[in-house]
Amino acid sequence: MKARFYTWALCLLGLMPLLLNAQITTTSMFGTVTDKTGAVVPDAQVTATNTGTNISRSVRSNAQGEYRIEFLPVGNYAVTVEASGFRKFIQSGVTLQVDQTARVDASLEVGSAGQTVEVNGAAPIVNTGDPELGRTVENQEIVDLPIVNRNVYTLLDLTPGVQRNDNSIVLGYPEQRTLINGGVDGGAGSVNYYLDGGTNMTGLRNTGNILPNPDAIQEFRVQTNNYNAEYGRFASGVVNVLTKSGTNNFHGSLFEFVQNTVLNANDWGNTFDTPPLHRNRFGGAIGGPLLKNRTFFFGSYAGLRQVTSTFLNGAIVPTALERGGDFSQSAVKPNDPTTGKPFLNNF
């Protein structure tokens, strides 16, 4: 019996990281099923179907007409509600965002099961499911807004409460530092960074690790206050980034960004030639089905080729004559500091 107990205990411990990850890469949908008079409808079947992958999950409403569907991947959904004696209810255009609970209520009309009532519209914008404060930066913003050096962290400034957003290279590796709602930069990070449910932080100072290229990121959410205890660690905030996944349709993109010396302005205070800078950022992304409605893939690649110089001056190496003190052949002849005139015979 003890051996069996230990075996089950080890299995549960092994599953705990998977369960914790699922909580911060998915979201929930809840609501109430009623009829036109406002009376609740118990035992109604509620089905949420992802329109991109055609994967669906179903639950039944309880005695109070309430339902809740957990662990739904982000994306666009259609919600179907069916109950005996009522027309089928379908609401499309419901967009679920990472770790943001969505409320979708259904009002059924009396009729046969063969009749359908369709509603087109998104879930309410105001989050009434929990007290969390934050903002989701959607994929359209990542695509349309300018991103400095292709670093998605620069969009953190779109969230109210983010007071400072720095990305630098320290001790040879890049790190992200974010201060939220009066957070103090005490030499170590105070914000939780996640990528697809896993901790995405440096091991030295607990700052943020770099992210994949913007073409691979679906969205990210910045939580600034009242977030769930599942995050733990630091109290200043949470940055939760999700990468894209494949759907039933093939989608891809290619990108290339070129910077060249002849196109760049000169540095401030530099009186010589423009410092050399040749930068080429390129890559692509592609996703689609391996088995339609069942298995999907997504991959991306980003490359950087750069030639630059951090040191440039206008010094001229002395000629052999000049090193011997003979300036007779020099274009610029030095003056005698005592008289202010050229040296006799240029020596």
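Is Phe297 buried, exposed or partly exposed? Select Phe297 in this predicted model, and you will find that the residue is partly exposed, because its relative accessible area is 26%.

Phe250 sits in the loop between strand S16 (238-243) and strand S17 (251-259), whereas Phe297 is in strand S19, so that the pair links parts of the chain that are 47 residues apart.

Next, select Phe282 and Tyr301, whose ring centres are 6.3 Å apart and whose planes meet at 50°, so this pair is tilted as well. Phe282 lies in strand S18 and Tyr301 in strand S19, 19 residues apart. Phe282 counts as partly exposed at 24% relative accessibility, and Tyr301 is partly exposed with a relative accessible area of 45%.

Now turn to strand S18 (277-291) and strand S19 (295-308), which, together with strand S11 (162-170) and strand S12 (173-180), each supply at least two residues of the lining of the second largest pocket. The largest share, four residues, comes from S11. This pocket has a volume of about 550 Å³, and of the 23 residues that line it, Asn149, Arg150, Asn151, Ile210 and Arg281 lie nearest its centre. Its lining divides into 12 nonpolar, eight polar and three charged residues.

For the largest pocket, select Val74, Gln218, Lys244, Ser245 and Thr247, which lie nearest its centre among the 49 lining residues. Its volume is about 1,200 Å³, and its lining comprises 18 nonpolar, 24 polar and seven charged residues.

Finally, select Met29, Val33, Val81 and Leu108, which touch the most other members of the largest nonpolar core, a set of 21 residues. Strands S1 (26-35), S2 (45-50), S4 (66-73), S5 (75-82), S6 (88-96) and S8 (106-108) each supply at least two residues of this core. Leaving aside neighbours within four places in sequence, Met29 is in contact with residues including Ala48, Tyr67, Leu72, Val79 and Val104. Apart from this core lies another, of 18 residues, among them Val152, Met201, Val239 and Val241.

Methods
Residues are numbered from 1 along each chain as its sequence is written. This is a predicted model: local features need pLDDT of at least 70, side-chain atom pairs count only at pLDDT 80 or more; totals for chains, interfaces and linings use all residues. Side-chain values use heavy atoms; hydrogens and water are left out. On a 1 Å grid over the protein atoms alone, a cavity is a set of points where a 1.4 Å probe fits but cannot get out, and a pocket is an open set with protein on both sides within 12 Å along at least five of seven lines; lining residues have an atom within 4 Å of a point. Grid points are joined across faces, edges and corners, and a volume is the space filled by probe spheres set on the points. Ala, Val, Leu, Ile, Met, Phe, Trp, Tyr, Cys and Pro count as nonpolar, Asp, Glu, Lys and Arg as charged, and the others, Gly among them, as polar. A nonpolar core is a set of buried Ala, Val, Leu, Ile, Met, Phe, Trp, Tyr and Cys residues joined through side-chain atoms within 4.5 Å. Buried means under 20% relative accessible area, exposed over 50%, partly exposed in between (1.4 Å probe, protein chains only). Contact means heavy atoms within 4.5 Å. Rings of Phe, Tyr and Trp (its six-membered ring) pair if their centres lie within 6.5 Å; planes under 30 degrees apart count as stacked, over 60 as edge-to-face and the rest as tilted.
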